[in-house]
Amino acid sequence: MHKGKISILLLAIMIVTTAQLYQVAYGKYAVGAYNINNIEQTIGLFRGCVDSQAPFIIQLSKGARKYTDKRMLEAVIRTAEEMFPEAVFAVHLDHGDEETCYDCIDSGFYSSVMIDASHDPFDKNIEITKRVVDRAHAKGISVEAELGMLGGVEEDISVDEKHACLTNPDEAVEFMQRTGCDSLAAAIGTSHGAYKFKGQQSLHFEVIEGIRDKVAAAGMKPVPIVMHGSSSVPQSEVERINAAGGKLDPSARGVNEEEYLPAAKLGVTKVNIDTDGRLVWTRVHREFFRDKPTEFDFRPPGKIFMDEYAKFIAHKNGKLGSAGTLPEVRKAAGG
Ligand code: G3H
Ligand code: 13P
Ligand code: ZN
């Protein structure tokens, strides 16, 4: 669909490369990267981004590609593209293994892939990432790679233990130099899912700053940092779900949304959000069927969900600072 170049279809439909979005946003705001699995989520996502005038990144996980079929998701995205000609977005593989990265690179549909070999030792991670980078770059596709251990960092552990879990800025520079990856998923204290932190924790801004400064000192161009596990897990959402029959642990806690923009100013350019959207789905459907126990048509709650999801996305884009930037992005991308 797009191999390193912007593809402008019809009047204004615009899929851009992830690299182009990074170029416009770096140091100013973060682009929301939202996972999708079905039609309702896709429509809510496009509507929310057009309403808030924000560019975005669609993320497809291995699980999403298997849930219905990867071809189904591709068709849904292509249709949404036609339904929302104003939208400006990139398509990205989330948490790929080597085989899935190659499948996406060869498909011609993706703007970027993530190779997640962070569980492997440093040198092995570099070896795998480098192979994917070589194959992706040959087709004009950019690569996100992960270094460090994503996970909540308990408050009561020692400073040394804390930093063993977080990305080491010196290692990050070596990793990027040896792999040539285009963006770095760094461990800055967040984790996936609804139970991220205990106590009063926040993002490790010193790690983000450390990476930015060491990259500059090494004479490299600025590297966009990707924040995984960025859902904020709103307390109100957890309470509504539980009031409607859910049994989520009330200690569920996420990233403070007010920290998105300060992190973006330091170089966090892609912010991955999935769990918060799942909470919206769960709240809408639990409340709907609690209030209408005789109902069994899934379309009425589906419609509510699309509206609520669009509002949720527009709200997030506001917090990320990407809302209202569409004209500037379109201009920079040549549209
Ligand atoms: O980081 C993982 C994303 O939330 C995607 O989750 O693998 O269950 O689709 P998934
Ligand atoms: P959350 O679980 O915080 O939404 O993180 C999603 C993510 O990192 C997808 O890659
Ligand atoms: Zn992730």
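This is a predicted model: local features need pLDDT of at least 70, side-chain atom pairs count only at pLDDT 80 or more; totals for chains, interfaces and linings use all residues.
Let's start with the rings. The structure holds 9 aromatic pairs. Take Phe 109 and Tyr 110: their ring centres sit 5.7 Å apart and the planes meet at 85°, so this pair counts as edge-to-face. The cut-off behind that label is a plane angle over 60 degrees. Both partners are tucked away: Phe 109 is buried, at a relative accessible area of 0%, and Tyr 110 is buried too, at 3%.

Now look at Phe 122 and Phe 175. Here the ring centres are 6.4 Å apart and the planes make an angle of 45°, so the pair is tilted. For this call, recall that stacked needs planes under 30 degrees apart and edge-to-face over 60, with the rest counted as tilted. Phe 122 belongs to helix 6 (residues 122–137) and Phe 175 to helix 8 (residues 169–179), so the pair ties together parts that are 53 residues apart in sequence.

Elsewhere, one aromatic cluster is formed by Phe 46, Phe 56, Phe 84 and Phe 89. There is also a charge over a ring to look at: Arg 135 lies over the face of Tyr 102, 3.9 Å from the ring centre.

Helix 2 (residues 39–51) packs against helix 4 (residues 70–83) at an angle of about 35°, and the two axes are 10 Å apart. The crossing of helix 2 past helix 4 is right-handed. Which residues make the contact? From helix 2 come Ile 39, Thr 42, Ile 43 and Phe 46, while helix 4 brings Val 76, Ile 77, Ala 80, Glu 81 and Met 83. By type, the residues of this contact divide into 7 nonpolar, 1 polar and 1 charged.

Next, the backbone. Gln 53 has a phi near 55°, a positive value in a residue other than glycine. You'll find Gln 53 in the loop between helix 2 and strand 4 (56–61). Its relative accessible area is 23%, so Gln 53 is partly exposed. His 95 is another non-glycine residue with a positive phi, this one near 50°, and its place is in strand 5 (residues 88–96).

Finally, let's follow a contact between a helix and a strand. Ala 25 is in helix 1 (residues 18–25) and is buried, with a relative accessible area of 0%. Leaving aside residues up to four places away in sequence, Ala 25 touches Val 31 and Thr 269. Ala 194 is 169 residues along the chain from Ala 25, and their C-alpha atoms are separated by 27 Å.

Hop across to Val 31 and you are in strand 3 (residues 31–35). Val 31 is buried as well, with a relative accessible area of 1%. With the sequence neighbours up to four places away again set aside, Val 31 touches Leu 21, Ala 25, Pro 55, Phe 56, Ile 57, Thr 269, Lys 270, Val 271 and Leu 320. As for sequence against space, Val 31 and Leu 326 are 295 residues apart along the chain and 11 Å apart from C-alpha to C-alpha.

Terms used: Residues are numbered from 1 along each chain as its sequence is written. Chains are lettered from A and ligands numbered from 1 in the order in which they are written. Side-chain values use heavy atoms; hydrogens and water are left out. Rings of Phe, Tyr and Trp (its six-membered ring) pair if their centres lie within 6.5 Å; planes under 30 degrees apart count as stacked, over 60 as edge-to-face and the rest as tilted. Buried means under 20% relative accessible area, exposed over 50%, partly exposed in between (1.4 Å probe, protein chains only). Helices (H or I, at least four residues) and strands (E, at least two) are DSSP runs, numbered from the N terminus. A charge sits over a ring if NZ of Lys or CZ of Arg is within 6 Å of the ring centre and within 35 degrees of the ring normal. Axes are lines fitted to C-alpha atoms, for helices over the stretch in contact, and angles run from 0 to 180 degrees between N-to-C directions. A crossing is left-handed if the near helix is turned anticlockwise from the far one by less than a right angle, and right-handed if clockwise. Contact means heavy atoms within 4.5 Å. Ala, Val, Leu, Ile, Met, Phe, Trp, Tyr, Cys and Pro count as nonpolar, Asp, Glu, Lys and Arg as charged, and the others, Gly among them, as polar.
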